[in-house]
Amino acid sequence: MALNNIYNDILMEHNTHPDHKHKLSNASDCQTAINPQCESDAILVKKGINPSCGDEIVLEINVEDGIIKDVAFDGQGCAVSQASTDIMADLVIGKTIDEAIEFTDLFIKMVRGEETDEDKLEELDEALALKDIAHMPARVKCAVLAWHTLNQMLTDKQKN
Amino acid sequence: MNLYKNYFPIMRHNKSLAYLDNAATTQKPDMVIDAVAEYYKQENANPLRGLYELSQKATDAYENARKKIAKFINAQKEQEIIYTRNASESLNIVAFSLSDLVLQADDEILISIMEHHSNMIPWQQAAKRHHAKLVYLYPNEDGIITTDELTNKLSTKTKILSLTHVSNVLGAEQNIKELAAIAHANKTIVSVDGAQAIPHIKIDVQKLDCDFYSFSGHKMYAPMGIGVLYGKQEYLEKMPPFLTGGEMIDYVDEQTATYAELPYKFEAGTQNVGGAVGLSAAIDFMESVGYDTIIERETALGKLAGDELSKLPYVTIYGSKNPALHHGVIAFNIEGVHPHDVASLMDSGDVAIRGGHHCAQPLMRYLKCNFCCRASMAFYNDNEDIHQLIERVKYIRSYFHGA
């Protein structure tokens with residue numbers, strides 16, 4: 001498979017110049033670990049870990065009135081995981097919790113090759129650039145790290 | 001294609017492949033694959049228990065392989081050779097059974113920061129079970145545990161030293177003979193993880209004078225699923241069994257059991273006879289090539305790869321500056337490119353390497369790199385494989401950062 005299907009312009013751009021790689025919360029403790037004190041009513045923080053490769057991201061989201069106002073991330077990872085996180089942030093900002101959960105479900109299905117309906121996948125916008133990861137099973141976990149983490153955060157938020 | 005690659009069907013079928021992930025597993029030569037197939041075609045039955053000719057053939061195949069392994073590593077007795085699935089299982093047996101035999105609360109276990117998780121987590125668990133302390137040795141810049149470091153960390157409470165012979169990341173070889181002598185003078189039992197050593201170095205367990213030596217078959221041209229634990233009889237006899245059931249029993253009543261003699265005490269359930277036959281054939285294969293040839297070729301390949309990578313200013317190599325001290329293992333990073341992206345882009349150029357933490361997360365943190373790429377050579381690799389690797393490194397760097 002041609003690798004530039006994966007390492008395409010969209011992915012390389014988000015990897016080199018991520019718009020959302022910064023912090024929402026101010027506490028310095030929040031840089032490396034989850035600290036409940038970093039969380040306020042509005043800002044949620046969660047660490048996502050990929051145990052097989054050691055990639056780590058810390059995802060922060062600001063939710064007000066059920067709407068995702070902002071998303072930021074920090075951490076180390078490959079181009080696939082970093083770009084995927086930045087693309088996800090672009091996609092879910094301004095969306096409701098329910099909509100964002102649907103996006104994460106759809107994205108995870110796409111990269112696992114379980115959803116191939118082009119019309120449905122159009123909703124994912126730039127995240128479509130990661131579609132061919134489905135042909136690289138070893139890298140699927142890199143692409144889904146942020147989406148899994150966000151999905152867990154939002155599902156937990158709904159439960160509470 | 002060089003004549004050695006020709007022994008390997010995978011190489012014959014993938015002529016453009018530069019397989020440089022031999023520290024993960026080696027490819028298998030025809031000799032090994034055929035020996036396993038012949039066993040299943042001609043001699044397969046459940047060994048040790050059957051009262052008929054075919055079962056006797058299987059038993060002979062199984063025990064002859066054990067004799068060959070004992071001779072290969074110069075064990076005193078074949079009873080000291082325990083079959084396992086792999087080095088990880090061997091190391092778990094030592095950590096589980098030996099710690100039950102010798103560890104008391106507040107005792108110390110000594111391992112190095114370079115250990116594979118398989119020689120680390122079992123000891124973390126053993127330390128927890130026995131309320132003992134896990135103490136770490138740290139290497140010098142060449143990846144070597146010095147005698148000073150060992151002497152400083154040994155105490156009257158150190159009951160066990162478990163150390164890798166060759167690091168799976170740095171390729172550094174520890175002077176086991178020297179370290180074991182110091183440990184023994186302290187009445188410390190010595191266990192060695194030989195998984196990355198035995199493919200590259202002639203092992204003589206009596207000369208090393210270690211008490212336990214663990215290795216996998218699949219990293220030395222044998223099938224996956226067969227490994228070996230060598231242990232000195234004096235310890236194996238006193239240690240409690242690890243897994244129970246099957247041929248490892250002697251007499252069983254409703255509430256109690258007595259256990260079989262060595263080595264069967266540690267071999268519960270039906271064993272991997274096909275794997276043992278494959279390991280025996282792999283030993284024949286390695287002996288027909290010869291360790292002299294293996295070492296000569298791997299040293300030359302390591303030197304070429306080390307020299308070429310060192311010329312690239314954006315490449316960092318971990319461990320010794322002397323490629324001869326790497327045993328064909330070169331851990332490196334390309335500045336600004338994550339190892340997973342490197343490995344994927346290598347793959348698209350038919351170069352197989354590993355990228356990640358190499359099952360050695362504490363070592364990665366000690367090296368302050370978290371992840372790295374690893375190219376690992378076997379004697380069947382050649383200069384073309386190395387050139388293919390180097391060209392790909394240059395391509396990947398320019399892909400991410402421009403020429």
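## Ground rules

Residues count from 1 along each chain as its sequence is written, while chains are lettered from A and ligands numbered from 1 in the order in which they are written. Since the model is predicted, local features need pLDDT of at least 70 and side-chain atom pairs count only at pLDDT 80 or more, whereas totals for chains, interfaces and linings use all residues.

## Chain B at a glance

Chain B has 14 helices and 15 strands. Both kinds of element are DSSP runs, numbered from the N terminus: helices are H or I with at least four residues, strands are E with at least two. Along the principal axes, the C-alpha atoms of chain B fill a box of roughly 75 × 55 × 35 Å. A compact globule of 403 residues would have a radius of gyration near 22 Å, and chain B agrees, with 22 Å. That radius is taken over C-alpha atoms, and the globule rule is 2.2 Å times the number of residues to the power 0.38.

Of the 403 residues in chain B, 53% count as buried. Here, buried means that 20 or more other C-beta atoms lie within 10 Å of the residue's own, exposed means 12 or fewer, and partly exposed is in between, with C-beta atoms placed from the backbone. As for contacts in chain B with a separation of 6 or more, 69% are between residues 24 or more positions apart. A contact needs two C-beta atoms, placed from the backbone, within 7 Å.

## Two domains

Chain B splits into domain 1 (5-20 + 290-401) and domain 2 (32-286); the bounds come from an automatic or database domain assignment. Taken over C-alpha atoms, the centres of the two domains of chain B are 28 Å apart.

Where they meet, 22 residues of domain 1 of chain B are in contact with 17 residues of domain 2 of chain B. On the domain 1 side, the elements giving two or more residues are helix 11 (291-310), strand 12 (329-334) and helix 13 (361-366) of chain B. Helix 11 of chain B gives the most, with four residues. By class, this domain 1 side has 14 nonpolar, six polar and two charged residues. Nonpolar covers Ala, Val, Leu, Ile, Met, Phe, Trp, Tyr, Cys and Pro; charged covers Asp, Glu, Lys and Arg; the others, Gly among them, are polar.

## Strand 5 and its neighbours

Take a look at strand 5 (residues 158-164) of chain B: seven of its seven residues are buried, so the strand is largely enclosed by the rest of the structure. Strand 3 (residues 108-112) of chain B runs parallel to strand 5 of chain B, joined by four bridges; strands pair if DSSP finds at least two bridges between them. In that pairing, B:Ile109 has B:Ile160 as its bridge partner.

Strand 5 of chain B also pairs with strand 6 (residues 189-193) of chain B, in the parallel sense, over five bridges. There, B:Leu161 stands opposite B:Val190.

## Where chain B meets chain A

Twelve residues of chain B are in contact with twelve residues of chain A. Helix 12 (residues 339-347) of chain B supplies the largest share of the chain B side, four residues. That side has three nonpolar, eight polar and one charged residues.

## Loop residues to look at

Most residues other than glycine have a negative phi, and most peptide bonds are trans. A:Asp65 has a positive phi of about 50° although it is not a glycine. A:Asp65 sits in the loop between strand 2 (55-64) and strand 3 (67-76) of chain A, and counts as exposed with 7 C-beta neighbours inside 10 Å. A:Asp125 also has a positive phi, near 55°; it is partly exposed, with 13 other C-beta atoms within 10 Å.

In chain B, the peptide bond from B:Leu262 to B:Pro263 is cis, with omega near 0°. B:Pro263 lies in the loop between strand 10 (257-259) and helix 10 (273-289) of chain B.
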